[in-house]
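Biologist: Could you walk me through reading a model like this one? I would like the general idea each time, and then the case at hand.

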Amino acid sequence: MGRVFLEHIGGIRIFSCNNCDTALTNRAQLISTRFTGATGRAFLFNKVVNLKYSEVQDRVMLTGRHMVRDVFCKKCDTKLGWMYEFATEDNQRYKEGHVILERALVNETDGIEERCEERSG
């Protein structure tokens, strides 16, 4: 298969794959915790890395019809949620381009606080 290159987004609180612990996103990218997936609670994120995507699928969800792609961990292929490609209703368009991660399929752990100290010349 070859080498799998992974990205790390950094941050104080990190969300990672529950199966293989690959870093996916951080708390700063979290848009909403008020979503529901197949396994229960789900979170909407702005940017998520280390994912693979399925083909676009047309799905009717609780909030209407959407074009979505399932998302999988790039390292272990575990299904983690989905990405909104297109929403048919105007009031749902804020989801477009964003990723849902199901809470039961990811871990949230402490990351590293990044501090930039200024040097005086």
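The dialogue below goes from the whole chain to its strands and then to single residues.

Modeller: Gladly, and first some ground rules. This is a predicted model, in which local features need pLDDT of at least 70 and side-chain atom pairs count only at pLDDT 80 or more, while totals for chains, interfaces and linings use all residues. Residues are numbered from 1 along each chain as its sequence is written, and side-chain values use heavy atoms, with hydrogens and water left out.

Biologist: How many helices and strands are in the protein chain?

Modeller: Both are DSSP runs numbered from the N terminus: helices are H or I with at least four residues, strands are E with at least two. Here the protein chain has zero helices and 10 strands. Its C-alpha trace spans about 60 × 40 × 25 Å along the principal axes.

Biologist: What share of the residues counts as buried?

Modeller: Buried means under 20% relative accessible area, exposed over 50%, and partly exposed in between, with a 1.4 Å probe and protein chains only. Of the 121 residues in the protein chain, 39% are buried. As for contacts (heavy atoms within 4.5 Å), 47% of those with a separation of 6 or more link residues 24 or more positions apart.

Biologist: How do I read a sheet, and which strands form the open one?

Modeller: Strands of a sheet pair through backbone hydrogen bonds, either parallel or antiparallel. For the bookkeeping, two strands pair if DSSP finds at least two bridges between them. In this model, three strands form an open sheet in the order S2-S1-S10, with antiparallel pairing. Strand S2 (23-26) and strand S10 (106-112) are at the edges with a single partner strand each, so one side of each has no neighbour in the sheet. Neighbouring strands of this sheet are turned by 35° against each other on average, direction ignored; the axes are lines fitted to C-alpha atoms, for helices over the stretch in contact, and angles run from 0 to 180 degrees between N-to-C directions.

Biologist: How many bridges join S1 to S10?

Modeller: Six bridges join strand S1 (residues 11-17) to S10. Cys17, for instance, stands opposite Val106 in S10.

Biologist: What should I make of a positive phi?

Modeller: Most residues other than glycine have a negative phi, and most peptide bonds are trans. Asp21, in the loop between S1 and S2, has a positive phi near 70°. Asn50 also has a positive value, near 60°, and lies in the loop between strand S4 (40-45) and strand S5 (51-53).

Biologist: Are Asp21 and Asn50 buried or exposed?

Modeller: Asp21 counts as exposed because its relative accessibility is 52%. Asn50 has a relative accessible area of 5%, so Asn50 is buried.

Biologist: Which residues does Gly40 touch?

Modeller: Not counting residues up to four places away in sequence, Gly40 touches Phe35 and Glu102. Gly40 is found in strand S4 and counts as partly exposed, at 25% relative accessibility. Gly40 and Glu7 are 33 residues apart in sequence and 27 Å apart in space, C-alpha to C-alpha.
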